[in-house]
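The sequence and the coordinates are shown first.

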Amino acid sequence: MKPQLKRKVFFKKCKVNFSFLANWRDYYLALIGKMFQGVGNFAITGYILYIMTDFLHRGNQTQSSIQLVNMIMLIFGILMGLVAGPLSNKFKILKLPVGLSTILLAIAGLSLFFLRNNTGIILYALAAGLGMGLWNALDNLLNLKVIPDQNRVAFFLGVYNLGNTITQAIAPVLAAAVISLFGYSGIFIVSFIFSLIGGISMLSIKSLKR
């Protein structure tokens, strides 16, 4: 095959694979929501040890505080994994709980910003645990609903799942920059803004009524 013909074939394949770029709004909103949700979540969880020691000054209670957060989030994760899916199917709701899950992460970030004590830690764990539990239970289902071409599900899932990798790489760098400029308080504002944008993106999906 001639080089010029090879280039034409290559660009034709690219055009086919990325034709959704101009047409499928809801898929993009889901992808944007996932990425912003990921940054909002990892900005805090990636620095939770330093938040406990340097921001909340937990001292010798640091380990027990982190264990409490992890325990509450684990319980909610298991609980939502068991009930969120069946309830979503029964009441025909998907977009609303997924959008709510990201907004709960925004609320969780603010709880630590305003309440720098045991109450704030518990509220953070409850809101973040419920939010991540709902997200983990329903996010993939929502993504399958908005895939624009059911004949290329693997391709679209691959692009969508890049959101996990990208956000885990971006969040620590962004959080480090924010800490150096504004201190640890800035992390919670960043988490709130990114999580809120992620929730709004999910709620803006039109192909799913609720």
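The model is predicted. It holds one cavity of 30 Å³ or more. Helix 6 (118-146) supplies at least two residues of the lining of the largest cavity, and helix 6 also packs with helix 2, with helix 4 and with helix 7.

**Cavity**

- The space in the largest cavity comes to about 40 Å³.
- Its lining consists of Gly 40, Asn 41, Ile 44, Leu 105, Ala 108, Tyr 124, Ala 128 and Ser 191.
- At least two lining residues come from each of helix 2 (25-45), helix 5 (95-114) and helix 6 (118-146).
- The biggest share is that of helix 2, which gives three residues.
- Sorted by class, the lining has five nonpolar and three polar residues, and no charged ones.

**Helix 2 and helix 6**

- The axes of helix 2 and helix 6 are 11 Å apart, and the packing angle is about 155 degrees.
- Angles over 145 degrees count as roughly antiparallel, and helix 2 and helix 6 are therefore roughly antiparallel to each other.
- Their crossing is left-handed.
- On the helix 2 side, the contact is made by Asp 26, Tyr 27, Ala 30, Gly 33, Lys 34, Gln 37, Asn 41, Ile 44 and Thr 45.
- On the helix 6 side, the contact is made by Tyr 124, Met 132, Trp 135, Asp 139, Leu 142, Asn 143 and Val 146.
- This contact of helix 2 with helix 6 has eight nonpolar, five polar and three charged residues.
- Asn 41, Ile 44 and Tyr 124 belong to this contact and are also among the residues that line the largest cavity.

**Helix 6 and helix 7**

- The axes of helix 6 and helix 7 (residues 153-182) come within 10 Å and cross at roughly 135 degrees.
- That angle makes helix 6 oblique to helix 7.
- The crossing of helix 6 with helix 7 is right-handed.
- Helix 6 brings Trp 135, Asp 139, Asn 143 and Leu 144 to the contact, where they meet Val 153, Leu 157 and Tyr 160 of helix 7.
- By class, five nonpolar residues, one polar and one charged make up this contact of helix 6 with helix 7.
- Trp 135, Asp 139 and Asn 143 meet helix 7 and also take part in the contact of helix 6 with helix 2.

**Helix 4 and helix 6**

- Helix 4 (residues 62-91) packs with helix 6 at an angle of about 35 degrees, and their axes are 7 Å apart.
- Helix 4 passes helix 6 in a right-handed crossing.
- The contact of helix 4 with helix 6 has 18 nonpolar and seven polar residues, with no charged residues.

Technical notes:
Residues numbered from 1 in each chain as written. Predicted model: local features only at pLDDT ≥ 70, side-chain atom pairs only at ≥ 80, totals over all residues. Heavy atoms only, no water. 1 Å grid on protein atoms, 1.4 Å probe; cavity = no way out; pocket = protein on both sides within 12 Å on 5 of 7 lines; lining within 4 Å. Points joined across faces, edges and corners; volume = space filled by probe spheres on them. Helix = DSSP H or I, 4+ residues; strand = E, 2+ residues; numbered from the N terminus. Nonpolar A, V, L, I, M, F, W, Y, C, P; charged D, E, K, R; others polar. Axes fitted to C-alpha atoms, helices over the stretch in contact; angles between N-to-C directions. Parallel < 35°, antiparallel > 145°, perpendicular 65-115°, else oblique. Left-handed = near helix turned anticlockwise from the far one by under 90°. Contact = heavy atoms within 4.5 Å.
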